[in-house]
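The exercises below are for a reader who is meeting this structure for the first time. Try each task before reading the solution that follows it.

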Amino acid sequence: MSDKNTTFNSVGGSGAERDRQPSKADLYRERLDIFVLTPLRVMWSDWRTRTGGLIILAYVFVGVVGVHLIEPAQTGGPRLIGPLQNMQYPLGTNNLGEGLLAKVVHATPPMLKMVVSGAVFSTALATVVGTVSGYKGGYTDTVLTTISDIAMTIPGLPLVILFLVVFEPSNPFFIGVILSINAWAGLARTIRSQVLELRDQSYIEASRIMDVSLHRIIVDDILPNIMPYVLISFVNTGRGVIFGSVALFYIGVLNVPFSNWGIMLNRAYSTGGALYSWSSLYWIITPMAAIVVLSLGLVLFSQGTERLFNPRIRARHAESIEETGPTTGD
Amino acid sequence: MRYFVKRVGQSLLTIVSVVVFTFVMIRQMPGGPLAYIRAQVMQSRGADSIDMAELSKLSVDYMNYSVNDPIHVQLFNYTAQILQGDLGRSFNYGEPVGEIILKSAPWTIFLLTISIILTFAIGILLGAVMAYQEGERFDTAWTGVSMFLNSVPYFVAALLFVYVFAIQLSWFPASGNVASNLDSALTPQYVSSVLYHATLPIASLVLTGFGGIALGMRGNAIKEIGEEYIRVAHLRGVPGRRIAIRYVGRNAVLPLYTQFMISVGFMFGGSVILEQIFAYPGLGYYLLEGINARDYPLMMGIFIVITVAVVACILFADLTYGMIDPRVSDEASREAY
């Protein structure tokens, strides 16, 4: 449905163009422009999404490439040297002689895995529950809403701790899912109320009269409208997973073979007498900075994301859609 | 009235499902409470002889159900006992769980109440001022600061405060809830000691929390200021102060009510980490103690109490929402497609 529309738009320009049949290459170029290049341009035009996106990319780079460039931390090096004193350990070492840079870098991939799995799990579940309960209404709605209300009121962190104690997971993907075990409920409620508003719009009523299947109505007509909420909450859930995992690693509830910024903090604080002078500041600031910068990147990204789905801003940045309104400049 | 009944029923349903859930979880635990009780019996009676009667008696005492009953009877007894307020007996402390909770809950409630009030007061005020100064330097600066503070986890702030203000500068105590040489009485000395010990925990929650509220309030207020009825009010000559408080303020604060409900749950959950960092003997502290010592009755009891507290707060907020915002009615469009 939406495919036909975009082709129609691009052909509806001048008379000469109207006669020419668009070739396959044109079609692909147009799709690339609409689905890939335009969102990128919109993102780049807002400083928040730009900075946030760059920060996230940097972490992904560190997680994918950086782990091959920097050797895993090993004990037995010189102990407690400060940052920038020994070029072999640019960020200094801890009380076991492990390089802090290597520890921060090698904690990144499991963290990214947890973030992605947690965010995918909770947004996917929330989108399904929210759209179905909002659109179907009736008993389906009552049952699904009651379940999400219950999930929403159970305090998250204690629940997560109980799950972790019972299952003792060690796979980062599985831990990510447990950490966002009831994060989906809030988003499901938001999506439901959006869908409740949407479902009585005339164009959706038209689809219903045309006997379009429920599946197609939800995918074609409803989902594009709730994408902003989905993306923003994807990013927020990711942030929640970071907060939760670092906290639980810090208090030692999670026992896993991989390293984490929370474990680094725990080591600094639990080593007796390690923190009694200002010179140990680098030891706790390094993991804290890793946490705060990644989370800041996600916050910036989600704050600017709303523009991505604003059709007016999109149209201004798309090359394959002809300008109809007055040019406002870019 | 129908709404009232429905909401109360839903809250009860939540509590019952949490109790059932904890029962199932206890049975899933590796090791499990039964192993503990069996070990106790063996210790008192010699290695091999396990007296079923004693085992049953101890399990009723600690866990509220007898191991000899069929599982549905166990579940029923467990639920019934808990709904009557009997949460079992702690393995580790030997006291009834209820007493430990009565002792620790006031501290958590004290900490969280002050934190929530301060977070929302500062956030709402700041957000409103930012909205009225939209686009100016004050707004830009504070939007940046709010976004930054919003991305600092409360426990990172707490750890940093402990390092800077407690360990290095010794301005505040690093742990505890009150100076140990004071008797608990409402003397000025005692109260000031309590506040002194609570400063860092409260500061770490408030400083990392108000940014999000301010951003939310700013967005709502800007949207509200752009509405037609505000312009009409200006044209009618309604005084600016009245518009700011009664028109814009009221309507912009309403959507924050949902955020308030989420905050309550979030802060109660977060108390596990926060109280651990400050060794503050509240509910969260004992919950983690229970988990680390595999003290099943204690951890389940506190988990249930925290859930009930959050459910009660949300129920209260939900039921009073209608008084603040009369537009809320029983959701009308419930037609099924």
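**Exercise 1.** Find how many residue pairs are in polar contact across the interface of chain B and chain A, and describe the side of chain B that touches chain A by class.

*Solution.* Across the interface of chain B and chain A there are 5 residue pairs in polar contact, with both residues at pLDDT 80 or more; a polar contact is a pair of N or O atoms within 3.5 Å, where within protein one must be able to donate a hydrogen and the other to accept it, and residues adjacent in sequence count only if both atoms are side-chain atoms. The next step is to ask which helices of chain B supply at least two residues each to this side, and they are H1 (2-28), H6 (137-150), H7 (154-168), H11 (256-277), H12 (283-292) and H13 (296-324); helices here are DSSP runs of H or I with at least four residues, strands are runs of E with at least two, and both are numbered from the N terminus. Helix H7(B) gives the most, with 10 residues. By class, the touching side of chain B has 36 nonpolar, 13 polar and 5 charged residues, where Ala, Val, Leu, Ile, Met, Phe, Trp, Tyr, Cys and Pro count as nonpolar, Asp, Glu, Lys and Arg as charged, and the others, Gly among them, as polar.

The model is a predicted one, in which local features need pLDDT of at least 70 and side-chain atom pairs count only at pLDDT 80 or more, while totals for chains, interfaces and linings use all residues. Residues are numbered from 1 along each chain as its sequence is written, chains are lettered from A in the order in which they are written, and side-chain values use heavy atoms, with hydrogens and water left out.

**Exercise 2.** Work out how many residues of each chain are in contact and what area the two chains bury between them.

*Solution.* Taking contact as heavy atoms within 4.5 Å, 54 residues of chain B are in contact with 54 residues of chain A. The two chains bury about 4,600 Å² between them, 74% of it on carbon and sulfur atoms; buried area is the accessible area (1.4 Å probe) that two parts lose on being put together, summed over both. The count of salt bridges between chain B and chain A is 0, a salt bridge being a side-chain nitrogen of Lys or Arg within 4 Å of a carboxyl oxygen of Asp or Glu.

**Exercise 3.** Where in chain A and chain B are Glu168(A) and Ser170(B) found, and what is the phi of Glu168(A) and of Ser170(B)?

*Solution.* Most residues other than glycine have a negative phi. Glu168(A), in the loop between helix H7 (156-167) and helix H8 (172-179) of chain A, has a positive phi near 45°. Ser170(B), in the loop between H7 and helix H8 (188-225) of chain B, has a positive phi of about 55° although it is not a glycine.
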